[in-house]
Amino acid sequence: MAPTPEVDSIFQDEVASETLLWKDLDKYLPAASEATLKMFPLIIGPFLLLQPQLLVCTLASEDCLSRRSTSVRQDGDVVIGAFFSLFTCFYLTGTIDLQPSKDFFGLTLLDNNYQNFLAFIFAIEEINRNSHILPNISLGYESHNFLHSHWRILESFFILYMGQDEIPNYTCKRESKSAAVLAGTSEIGPLMELYKFPQLTFGSFDPVLSSNGQFPSLYQMAHRDGSLALGMVSLMVHFGWTWVGLVITEGQKGLQFLSNVREEMTRNSVCVAFVQMISNVIWSYFSHSDEHYFLSRKTTVNVIIIYYDSESINEVNYNVGEYLVTWRVWVTNSQWHADTAGKYFIVDSFHGTLVFSSHHEEISGFKQFIQTATPSKYPEDTFLALYWFKNFHCSLSDSDCTLKNCPPNASLAWLPGNHFGTTMTDGSHNIYNAVYAVAHALHEMLLQQAQLQPTRDREEAVFSPWQLHPFLKKVQFINSAGEQVILDDNRKLDAEYDIVNFWNFPEGLKQRVTTPRSVCSESCHPGFRKAPQEGKAACCFDCTPCPEGEIANDTDTEQCVKCPAHQYANNQRNRCLQKSVTFLAYEDPLGKALAGTALSLTLLTVLILGLFVKHRDTPIVKANNQSLSYILLVSLTFCFLCSLIFIGRPNTATCVLQWTTFGAVFTVAVSTILAKTITVVLAFKVTAPGRKVRRWLVSGAPNSIIPICSLIQLTLCGIWMGTSPPFIDTDTHSEHGHVIIVCNKGSLTAFYCVLGYLGSLALGSFTVAFLARNLPDTFNEAKYLTFSMLVFCSVWVTFLPVYHSTRGKVMVAMEVFSILASSAGLLGCIFFPKCYLILLKPDRNSLHWIRNKNMFWGNKAS
């Protein structure tokens with residue numbers, strides 16, 4: 001009975017272009033319910049679990065081929081057995097409540113695994129041609145299709161080990177010559193261990209198998225993969241992937257890899273976006289699609305690591321294929337195989353997958369062997385015949401089921417890389433080394449037997465497989481590619497990896513591909529630091545600009561770094577730049593203006609002094625003590641000149657001279673004003689000749705105020721210079737990008753004592769002048785002195801708060817301005833009115849005008 005149209009249609013969609021016919025289905029279908037039949041294609045379509053020993057399933061046009069045995073045998077003096085997963089079928093025992101049966105209802109060819117079988121045959125034939133290994137001994141082989149069904153595993157093993165498949169422990173048929181068996185997984189390990197039968201696995205290395213001594217008869221050919229996690233995380237760091245998902249098969253190896261990769265990701269600041277564990281149980285395939293949320297376009301994860309061990313069923317191939325997630329980057333290990341045989345692999349979800357494959361040198365002669373592997377050369381190989389029929393469009397002879405009408409010189413090397421690869425995979429390489437390991441162990445064992453019993457002929461040189469273990473444990477050789485092979489697990493080295501990229505573009509199609517980004521938060525550029533987002537993973541953060549004076553010169557900086565004192569942060573805050581040295585220089589506009597003002601006022605003071613000397617005999621010059629006027633003008637000249645010491649590059653000498661010169665010359669100027677004020681007061685206290693006050697006035701006693709006051713100021717300056725003198729200092733904070741050279745005052749107490757003493761003199765002069773402002777005076781000098789001291793005190797009272805609020809060049813400029821302003825105030829208020837009379841009103845600068853004025857005021861008073 002043929003399958004129903006619904007079943008046939010759905011199943012054809014699931015198995016691509018292969019049309020499957022079901023044999024003997026009629027005896028099962030009546031017992032199945034309608035719901036069961038609807039579920040049936042879901043079970044048999046994407047999930048092909050178990051394999052038959054004799055194919056009873058049929059393809060439409062190769063029914064005779066499908067009835068052939070899947071086992072391949074080649075006799076020899078010693079036989080090496082092997083289990084390869086070349087065919088995948090399934091049966092319905094207990095799946096949909098049907099009766100148990102050995103009949104199977106589906107067939108597919110596992111193209112990716114056939115290279116393993118060819119590597120097995122290639123190694124055995126190469127050894128048989130080698131006269132240095134096992135001379136006069138021929139190696140045979142016996143290959144069985146690997147079965148996930150426990151009773152099929154038992155059946156295949158007894159055929160291999162005892163030559164029978166019916167009653168265990170009774171050797172009723174042929175004598176077995178098997179010395180060892182090769183398998184991809186440790187699934188048959190417990191069974192082999194019962195008979196101490198040597199088993200060599202060519203799958204990935206499993207540390208559990210070698211750590212607890214549970215399988216002493218099992219030998220692993222693969223290198224340790226302890227560095228796989230480090231290699232994958234290094235790839236993430238290289239491409240800047242910090243937001244990565246993990247899809248890992250359940251089991252001890254998967255959990256160990258998860259632990260290793262998480263540790264490496266944490267060490268390299270890469271975050272785990274999610275962890276999806278995949279069960280190896282068949283019923284996990286019917287799990288709800290919500291478990292595969294990582295395949296949704298809504299997730300921000302663009303990079304996913306898939307870790308497979310060789311015992312896993314390829315669930316991701318199916319689920320990813322259903323979603324067609326072509327926007328992801330898949331990173332996986334070599335035990336995983338994408339379904340690359342599809343016609344439209346270019347739009348397949350796994351197009352561009354990055355595979356970590358163990359590094360191996362090329363085995364010489366293997367590609368040539370593949371080119372010569374044909375059904376005519378290996379007529380017992382059912383897989384090769386089916387593969388030839390499928391890929392080269394051959395026809396079958398009705399009489400003897402042989403291939404005909406095949407292309408001449410057809411070869412596996414003709415097929416595209418997505419159908420068959422000629423480069424050895426990790427598994428094929430391990431199989432090649434495993435065959436040689438058995439051969440070297442046999443060679444050493446037979447050589448030892450020959451040495452112990454030299455008269456024994458080859459036919460009597462029989463052995464049991466368990467006798468091979470001591471020699472297998474010691475096997476160490478260099479293969480034809482120059483690589484060292486060691487079976488001792490304790491001496492194995494970590495594997496080195498090649499990163500293989502799966503691409504399959506049709507001819508003529510080109511495309512520029514950009515590596516995608518996979519991050520939770522975009523990287524913080526230089527000049528910004530990472531600020532963690534509360535409650536989220538470490539890879540999720542905000543970018544905050546560095547504070548003033550700090551930089552971040554790398555991407556994703558955790559903390560900004562403060563620039564040294566002699567450097568400053570640029571505007572982008574990603575570099576520290578050298579600060580330029582600056583000071584109030586004569587070349588600066590401000591320096592030029594202040595220096596020009598000082599020189600101009602100095603020149604003006606000198607001119608006034610010259611004017612007074614020229615008109616020294618006039619009443620206005622003689623009034624109010626002529627000598628004090630000359631001293632005041634000279635001191636003001638030095639006041640203006642001392643401001644120049646503050647301009648220019650500071651040095652030790654200028655720092656010492658700045659405030660000592662300022663204190664000395666200003667003390668002379670203010671004390672001179674005090675002397676002039678006291679002279680005015682004393683002049684009006686003289687009421688009769690011969691009085692003591694008159695003698696003080698005539699003798700010039702008020703002039704002694706100048707040296708006394710100056711001596712006190714010089715004493716204060718001497719104490720200052722002796723205890724904590726001014727010194728050169730740098731100001732790195734006042735101006736951005738500049739180091740300002742300034743004079744540090746040294747002792748601020750001494751500085752304020754000098755300034756305070758000068759202030760007390762000014763306040764005393766102002767008080768005396770204010771009290772004498774209304775005394776009758778021909779030229780009213782008392783009022784001028786009062787006003788000049790008011791200006792002087794106002795300037796320096798204003799100076800103090802401004803001085804404390806400024807830094808750098810502005811502070812120095814403020815000091816110079818205060819010196820010039822206070823000196824100019826004294827000069828202008830005291831001497832400008834007199835210069836006005838001398839130059840513009842000379843008629844008033846005479847004794848005649850003075851007498852007339854006195855007479856006028858006298859008559860008016862009377």
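In the predicted model, V331 stands opposite L354 of strand β15. This pair belongs to the contact between strand β14, residues 329-333, and strand β15, residues 354-358. The two strands are joined by three bridges and run in the parallel sense. Both strands are part of an open sheet of six strands, arranged in the order β12-β11-β13-β14-β15-β20. Pairing within this sheet is mixed. The edge positions are taken by β12 (271-278) and β20 (497-501), and each of these has a single partner strand, so one side of each is left without a neighbour in the sheet. From one strand to the next, the twist averages 20°.

Two packed helices are described by the angle between their axes and the distance between the axes. On the α8 side, the contact involves L228, A229, L230, M232, V233 and M236. These residues meet F257, N260, V261, E264 and M265 of α9. Classified by residue type, the contact of α8 with α9 contains nine nonpolar residues, one polar residue and one charged residue.

Strand β7 covers residues 139-145, and seven of its seven residues are buried, so the strand is largely enclosed by the rest of the structure. In a regular strand the side chains alternate between the two faces of the sheet. In β7, L139, Y141, S143 and N145 point one way, whereas G140, E142 and H144 point the other way. The residues of both groups are all buried. The strand pairs with β3, residues 72-74, through three bridges in an antiparallel arrangement. Within that pairing, E142 of β7 is the bridge partner of R73. Strand β7 also pairs with β4, residues 78-84, here in the parallel sense and over seven bridges. In this second pairing, V78 stands opposite L139 of β7.

Two additional helix pairs were examined. Helix α20 (residues 705-723) and helix α21 (residues 748-771) pack with their axes 9 Å apart and at an angle of about 170°. The pair is therefore roughly antiparallel. From α20, the residues C709, I712, Q713, L716, C717 and W720 take part in the contact. Their counterparts in α21 are A750, F751, C753, V754, Y757, L758 and L761. By class, the contact of α20 with α21 comprises 12 nonpolar residues and one polar residue, with no charged residues.

Helix α17 (residues 626-642) and helix α23 (residues 809-840) likewise form a packed pair, with an axis separation of 9 Å and an angle of about 150°. This geometry makes α17 roughly antiparallel to α23. The crossing of α17 and α23 is left-handed. Helix α17 contributes S629, L632, L633, L636, C639, F640 and C642 to the contact. Helix α23 contributes I819, L820, S823, A824, L826, L827, I830, F831 and K834. These residues of α17 and α23 divide into 13 nonpolar, two polar and one charged.

With a relative accessible area of 39%, K377 is partly exposed. When residues up to four places away in sequence are not counted, K377 touches E125, F369 and T372.

For the protein chain as a whole, the secondary structure comes to 24 helices and 29 strands. Of its 862 residues, 48% are buried. Among contacts between residues at least 6 apart in sequence, 70% join residues at least 24 apart.

Note on methods:
Residues are numbered from 1 along each chain as its sequence is written. This is a predicted model: local features need pLDDT of at least 70, side-chain atom pairs count only at pLDDT 80 or more; totals for chains, interfaces and linings use all residues. Side-chain values use heavy atoms; hydrogens and water are left out. Two strands pair if DSSP finds at least two bridges between them. Helices (H or I, at least four residues) and strands (E, at least two) are DSSP runs, numbered from the N terminus. Axes are lines fitted to C-alpha atoms, for helices over the stretch in contact, and angles run from 0 to 180 degrees between N-to-C directions. Contact means heavy atoms within 4.5 Å. Ala, Val, Leu, Ile, Met, Phe, Trp, Tyr, Cys and Pro count as nonpolar, Asp, Glu, Lys and Arg as charged, and the others, Gly among them, as polar. Buried means under 20% relative accessible area, exposed over 50%, partly exposed in between (1.4 Å probe, protein chains only). Angles under 35 degrees count as roughly parallel, over 145 as roughly antiparallel, 65 to 115 as roughly perpendicular and the rest as oblique. A crossing is left-handed if the near helix is turned anticlockwise from the far one by less than a right angle, and right-handed if clockwise.
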